[in-house]
Amino acid sequence: MLRNNVTVIVRTADERTIDACLDSIKDQVEAHNIIVIKEKPFYKAVQKTFELGIKGEKKWTLAIDADLVLLPNAIHIMLDRAEQLDDQLYIYQGFILDKFKCGKRQGGPHLYRTSHLSKALEMLERDNESLRPESNTYKKMGSLGYHVVLDKKIFALHDFFQSYADIYRKAYFHGIKHKGWYTLLPQWIRKSENDMDYKIATLGFIDGYYSEGNSYPSVDQFREKVLYILENRFELLEKEKLVFKNHNLFEHLEKHNISFNKELDILTKKKSLVTKLKNKLFK
């Protein structure tokens, strides 16, 4: 069975969703094939992922960050699709619904062909300053003739149900890593009227954007600062423990106007006549 031919590495930084993430995986993969790691800085988590994948001796190695909650059957579909690709496949990935991107984007679970991870280890940037040590291996492996495949399927929800401290921290990091996300701030501010998560994210992003930093601060050092900000600017306590069974994943996808079929293919909705005319007349 495909589900027995994969080593799943779950990478956690004490996210509030770790249990929900694991539950969504255990429904799809044998528990003895799942390994949870906690490594920092991030390049060490990637390095450990590759090393454990090689050690596991399964055909596939699947890396999942604990801020993801997988859709039902996502892993089976990923494995089935990857099996249909040639031996030069290095990584197979799809799309996620990202709460703070306010829609779908590339990302989520990273499915690697294990036989290529030794070469990827050689390509890995072991540098605290690197903002993208994992995705940078895609480019390097691609230059050697290995394939990076992005499939237009949706496999998970990202950054939903997180703690306030993690929301601020990650938005701060986005302010350093994804400067272009400033265009999302008007949406965040509008949404913050009904969802405190977006207010916290707005502040975190702005603080990161103007920090003049080119690398992520230490998570441990940062945690104390975040808690101080939450208590003094917002007078907030952390959210209650997440009870995942009370959340409906598909409900969130519907709210963000994402349509998909049972194979998790993202379906493109037909443009209305008004939209077509506007595009034609005002492009």
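## Around V8

Leaving aside the neighbours within four places in sequence, V8 is in contact (heavy atoms within 4.5 Å) with I25, V29, N33, I34, I35, L62 and I64. This is a predicted model, in which local features need pLDDT of at least 70 and side-chain atom pairs count only at pLDDT 80 or more, while totals for chains, interfaces and linings use all residues. Residues are numbered from 1 along each chain as its sequence is written, and side-chain values use heavy atoms, with hydrogens and water left out.

## The nonpolar cores

V8 is also one of the residues, together with V10, I25, I64 and L111, that touch the most other members of the largest nonpolar core, which has 41 residues. Such a core is a set of buried Ala, Val, Leu, Ile, Met, Phe, Trp, Tyr and Cys residues joined through side-chain atoms within 4.5 Å, where buried means under 20% relative accessible area, with a 1.4 Å probe and protein chains only. Two or more residues of this core come from each of β1 (6–11), α1 (18–26), β3 (60–65), β4 (68–70), α3 (74–83), β5 (89–98), β7 (147–158) and α10 (249–255); these helices (H or I, at least four residues) and strands (E, at least two) are DSSP runs numbered from the N terminus. The most is given by α3, with six residues.

Apart from this core lies another, of 24 residues, and among them are L131, Y164, A171 and I200.

## Aromatic pairs

Across the whole structure, a search finds 13 aromatic pairs. Rings of Phe, Tyr and Trp (its six-membered ring) pair if their centres lie within 6.5 Å, and planes under 30 degrees apart count as stacked, over 60 as edge-to-face and the rest as tilted. The pair of Y92 and F155 is tilted, because the ring centres are 6.3 Å apart and the planes stand at 50 degrees. Since Y92 lies in strand β5 and F155 in strand β7, the pair ties together parts that are 63 residues apart in sequence. Y92 counts as buried at 1% relative accessibility, and F155 is buried at 0%.

W188 and F205 form an edge-to-face pair, 5.9 Å centre to centre and with 90 degrees between the planes. This pair links distant parts of the chain, with W188 in helix α7 (residues 185–191) and F205 in helix α8 (residues 196–209), 17 residues apart.

## A ring cluster and a charge

W188 and F205 also belong to a cluster in which ring pairs link F100, W188, Y198, F205, Y209 and Y210. Over the ring of Y209 sits the charged end of K179, 4.7 Å from the ring's centre; for this, NZ of Lys or CZ of Arg must be within 6 Å of the ring centre and within 35 degrees of the ring normal.

Technical notes
Buried means under 20% relative accessible area, exposed over 50%, partly exposed in between (1.4 Å probe, protein chains only).
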